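Welcome to a short tour of one protein chain. Have the sequence and the 3D view at hand, and follow along section by section.

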Amino acid sequence: MLDDGGVSWAAVILTGGTAARLGGIDKASLEVDDGVSLLDHALGAVAGAAEVVVVGPEQPTRRAVRFTREDPAGGGPLAGLAAGVAALTSDPDHVIVLAVDMPHVTADTTARLLTAVQRDDGVDAGWLTDGDGRRQLAGAVRPSLVPSSEEAYGAPMRLLMTAGAVRDVPAVDNEADDVDTWDDLARLRKQEPPARNTPDGLEGRAPFRKIGPVNLHDWIDELCDTLDIETEVDEALILDLAKVAADNVVRPAAPVTTYLLGYAAGAAGADEDGIERLAARAQALAEGWDRPS
């Protein structure tokens, strides 16, 4: 294991998410510039680690890594991290954890995260924070802080993000940005947003917040017919709320939360603006769930 100032560290890259707003595509394989994939960007950010475990589907990489998955797959990012730490062959002092869809995280970001936990003041973890102070899936943690695979499966990442003595590391420029939609990818590639939500549909400009694959729209139309309802569905609003509930509460909270949003909207006879206000209240509750004072 490589020593960095007398402290050893490894890295776990998380690539196994559902990428729902990208049509379920494998984010890690998306190329963002000159044929460099999001995974290789992430590996560049942890180039100083002597050992790297990637949690997700196997694919070619520019450096040697070990691939693993949580069992069964789909247990969430915390379960993925637990599986990655369990797959390490060494016993590092710290582990860098990084989501594959954060292409603006660099080796400098990693160095700042490691510095946050290497000070001799009892800090257990350092997490990158966005402009609103929210912790992102880029951090340096003591391996002992990561729960077991059984405890982690289905549990929110916030369980780890609030564990131990934590130091926040404010993002510089756009370090905290991630790639969740085709518009995000187009901006990263400095292209116009896609006209269709497919990798090749880059001609023309898409309506604001248009998301998801075509078959999602077909499913919504068919479901509305089956349920004998007529309504416009804001997929982005629903998926965003589901993601926040899954990340901050617990994964099964996502469908329950969106169901209750629909129930509340129907009971109140809410129009589009009303639904957005209800969703904002639900999202604020989820974002603050179990947050320490």
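This is a predicted model: local features need pLDDT of at least 70, side-chain atom pairs count only at pLDDT 80 or more; totals for chains, interfaces and linings use all residues.

## Getting started

Two strands pair if DSSP finds at least two bridges between them.

The chain holds ten helices and ten strands. Of its 293 residues, 45% are buried. Among contacts with a separation of 6 or more, 62% are between residues 24 or more positions apart.

## Strands S8 and S10

Strand S8 covers residues 125-129, and five bridges join it to S10. The two strands run parallel, and Thr129 stands opposite Pro170 of S10.

Which side chains of S10 are buried? In this strand, residues 166-170, the side chains alternate between two faces. Arg167 and Val169 point to one face and are buried.

## Strands S5 and S6

Strand S5 is made of residues 52-55, and strand S6 of residues 66-68. Three bridges join S5 to S6, and the two run parallel.

The loop between S5 and S6 contains Gln59. Is Gln59 buried or exposed? Its relative accessible area is 15%, and buried means under 20%, so Gln59 counts as buried. Leaving aside neighbours within four places in sequence, Gln59 is in contact with Asp26, Ala28, Ser29, Ser37, Leu39 and Phe67.

H1 spans residues 38-45 and is mostly covered, with six of its eight residues buried.

You can find them at Leu78, Ala79, Gly80, Leu81, Ala82, Ala83, Gly84 and Val85.

## Helix H8 and its partners

How do helices H8 and H9 cross? H8 is made of residues 235-248 and H9 of residues 253-268; their axes come within 8 Å and cross at roughly 135 degrees. Because of that angle, H8 is oblique to H9. The crossing is right-handed. On the H8 side, the contact is made by Ile238, Leu241, Ala242, Ala245 and Ala246, and on the H9 side by Ala253, Ala254, Thr257, Thr258 and Leu261. By class, this contact has eight nonpolar residues, two polar ones and no charged ones.

H8 also packs with helix H10, residues 272-287, at an angle of about 15 degrees and with the axes 9 Å apart. Angles under 35 degrees count as roughly parallel, so H8 and H10 are roughly parallel to each other. Their crossing is left-handed. Leu237, Leu241, Val244, Ala245 and Asn248 of H8 meet Ile275, Glu276, Ala279, Ala282, Gln283, Ala286 and Glu287 of H10. The residues of this contact divide into eight nonpolar, two polar and two charged.

Leu285 is also part of H10. With a relative accessible area of 55%, Leu285 is exposed. Leu285 and Val244 are 41 residues apart in sequence, and their C-alpha atoms are 9.8 Å apart in space.

## Two backbone details

Most residues other than glycine have a negative phi, and most peptide bonds are trans.

Where does Pro72 sit? Pro72 is in the loop between S6 and H2. The peptide bond that joins Asp71 and Pro72 is cis, with omega about -5 degrees.

Asp173 is not a glycine, yet it has a positive phi of about 55 degrees. This residue lies in the loop between S10 and helix H6, residues 182-188. Asp173 has 75% relative accessibility, so it counts as exposed.

Notes
Residues are numbered from 1 along each chain as its sequence is written. Side-chain values use heavy atoms; hydrogens and water are left out. Buried means under 20% relative accessible area, exposed over 50%, partly exposed in between (1.4 Å probe, protein chains only). Helices (H or I, at least four residues) and strands (E, at least two) are DSSP runs, numbered from the N terminus. Axes are lines fitted to C-alpha atoms, for helices over the stretch in contact, and angles run from 0 to 180 degrees between N-to-C directions. Angles under 35 degrees count as roughly parallel, over 145 as roughly antiparallel, 65 to 115 as roughly perpendicular and the rest as oblique. A crossing is left-handed if the near helix is turned anticlockwise from the far one by less than a right angle, and right-handed if clockwise. Contact means heavy atoms within 4.5 Å. Ala, Val, Leu, Ile, Met, Phe, Trp, Tyr, Cys and Pro count as nonpolar, Asp, Glu, Lys and Arg as charged, and the others, Gly among them, as polar.
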